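Subject: Structure handover

Hello,

Here is the structure for your files. Please open it alongside this note. My findings follow below.

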Amino acid sequence: MKEVVIIGAGVSGLSTGALLSNEGISVKIFEKSSKVGGRTTSMAYRNHILDNGFHIMPFYKTSAVYQVLEKIGITSRLKLALVSDISFFKDKKFFKYPKGIADILKLSIVPFSSRIKLLRILAPMAFSSMKKAEELDDKSLTEITNKLDSNTKSFFDAVCMLAFADTPEHVSLGEFVRTMIRANPFKGGTSEFAYPDEGGYDKICEKLSDFIIEKNNQVKLNSSIKKIVIKDNKVKGVLNNQGEFIKADSVVVTYPAYIAVKQLFDENVFDQEFLSKVEKLNKTTSVVETHFCTSEKIDDKQIVFPMSEKYTSKGIFFISNMTDKVSPPGEHLLMAGTPVPSEYTENPEKIKEISKKMREEIAEIYPNFEKSLLWERPMAWKLVEAVVKEPGMVWKQKMPHEIKNIKGLYFVGDSTVSYGIGTDSAAHSSLLCHPKIMKQMETEQENFILN
Ligand SMILES: Cc1cc2nc3c(=O)[nH]c(=O)nc-3n(C[C@H](O)[C@H](O)[C@H](O)COP(=O)(O)OP(=O)(O)OC[C@H]3O[C@@H](n4cnc5c(N)ncnc54)[C@H](O)[C@@H]3O)c2cc1C
């Protein structure tokens with residue numbers, strides 16, 4: 001029986017493992033951590049479920065994550081809560097987030113003339129094609145936003161925050177257009193978001209892992225892989241941290257490719273040109289996010305985007321309003337977040353300073369906040385997405401799934417060829433890579449029978 005080894009039990013590793021398990025392939029997943037989930041992991045804290053930073057599933061039922069669950073027939077196991085009550089906050093007032101192109105006309109946060117301007121820009125994008133979007137992958141979204149008035153510009157800032165957790169300077173126009181197409185209801189898309197109803201974004205990974213185990217395959221936790229063994233340009237297996245050799249016909253690497261190529265291979269496996277190309281992808285998004293727990297529900301909304309240069313908080317996420325299962329009765333969880341330069345994430349004073357500023361801003365928007373605050377927990381993440389959505393670093397410009405000249409070696413995850421953000425792109429890479437692994441399995445099986 002052909003064996004596939006997968007290194008990492010995050011969204012991409014488990015999606016790939018589940019898709020292969022569904023086709024009867026023998027799969028072994030090795031995860032160095034004690035839990036599945038990778039970057040989507042969660043933790044228990046004071047009887048709450050705290051996500052590893054704010055996580056939300058973009059595009060809901062049209063997302064790649066949902067497609068994976070559909071393909072393996074387990075959508076009914078993951079109850080999803082719809083996240084659709086989203087507002088902007090500006091000049092002491094809340095404004096509804098537009099759910100589709102038509103809602104732009106009702107977008108009272110910008111003057112009517114700007115709404116028409118916005119519609120003229122966004123409608124052609126939303127009705128464009130994926131092929132046309134690819135032609136814009138090298139261009140920056142700022143080519144468009146730089147020509148806009150400040151109101152319309154700040155609307156783009158909020159959309160980028162929701163769709164990319166980043167600012168327009170870091171977003172490729174091609175990726176933005178793909179997002180518009182995928183959000184267009186006239187093209188079967190949706191701008192709805194979702195969050196696991198049981199609480200904890202890692203519920204997605206848990207369901208995938210359960211499915212893999214039910215298919216008699218393995219998800220081994222606390223198991224770190226040290227090296228991929230390659231001989232005569234063909235993968236032979238992996239060595240774990242105890243130095244044991246595990247035979248495999250294919251090995252799938254799931255953590256950022258620019259890190260993996262330095263850690264898992266002998267020096268001469270890749271040429272310098274390839275390594276420099278992969279290293280160029282080594283640009284990530286970093287954030288500071290603070291969980292706040294209150295004794296009172298300070299708002300019914302699910303997400304609020306403060307819209308003004310003066311605010312450090314770029315998003316306020318009311319997790320308990322997505323599902324009350326994240327907190328014990330009578331307590332409410334919310335989170336504020338902002339993108340930061342990566343060096344800030346290593347500076348505890350800076351993290352505290354940013355967190356304090358976000359707390360003051362929430363108190364300014366919600367007068368009841370301070371008196372109901374029970375505790376707060378600031379955190380920072382250096383690696384949010386493995387590749388920023390900058391021009392020249394999106395979709396097919398990312399790390400390829402297969403390497404020429406090395407048979408049986410595959411790369412998936414958000415640093416590899418895929419579109420969308422975060423978990424959506426991680427799952428998309430698995431959907432794209434899985435047929436390639438299947439093809440290798442089938443060809444080798446045919447050769448085995450013929451010989
Ligand atoms: C704060 C924050 C907020 C985010 N918000 C969102 C959001 O709202 N929506 C969204 O879609 N995405 C979001 N993301 C991004 C999303 O979490 C990632 O894009 C996605 O989880 C990446 O999945 P992956 O499988 O590609 O990689 P990972 O999750 O990084 O998985 C790789 C796995 O490999 C394991 N591993 C590494 N080395 C080894 C080894 N040698 N041996 C064995 N195992 C190994 C790691 O432990 C890890 O579990 C956010 C991320 C962060 C940090």
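**Ligand shell and domains**

Domain 1 (3-79 + 197-281 + 389-450) and domain 3 (286-381) each give at least three residues to the shell around the ligand. The domain bounds come from an automatic or database domain assignment. This is a predicted model: local features need pLDDT of at least 70, side-chain atom pairs count only at pLDDT 80 or more, and totals for chains, interfaces and linings use all residues. Residues are numbered from 1 along each chain as its sequence is written.

The ligand is surrounded by 37 residues. Here a residue is near a molecule or strand if its C-beta atom, placed from the backbone, lies within 6 Å of it. Gly8, Gly10, Gly38, Gly53 and Gly422 are the closest. By class, the shell has 15 nonpolar, 15 polar and 7 charged residues. Ala, Val, Leu, Ile, Met, Phe, Trp, Tyr, Cys and Pro count as nonpolar; Asp, Glu, Lys and Arg count as charged; the others, Gly among them, count as polar.

Three elements supply at least two shell residues each: α1 (11-22), β15 (286-294) and α13 (422-450). The largest share, 4 residues, is from α13. Helices (H or I, at least four residues) and strands (E, at least two) are DSSP runs, numbered from the N terminus.

**Domain 1 against domain 3**

Besides these two domains, the protein has domain 2 (100-191). The centres of domain 1 and domain 3, taken over C-alpha atoms, are 31 Å apart. In domain 1, 11 residues contact 17 residues of domain 3. Contact means C-beta atoms, placed from the backbone, within 7 Å. On the domain 1 side, strand β4 (residues 48-51) gives the largest share, 3 residues. That side has 4 nonpolar, 4 polar and 3 charged residues.

An open antiparallel sheet has 3 strands, ordered β11-β12-β13. Strands pair if DSSP finds at least two bridges between them. Strand β12 (residues 234-240) is joined to β13 by 3 bridges. Val238 sits opposite Ile246 in β13.

**Glu402**

Glu402 is in the loop between β19 (373-381) and β20 (409-411). Leaving out residues up to four places away in sequence, Glu402 touches Tyr410 and Lys436.

Best wishes

Definitions and conventions:
Contact = placed C-beta atoms within 7 Å.
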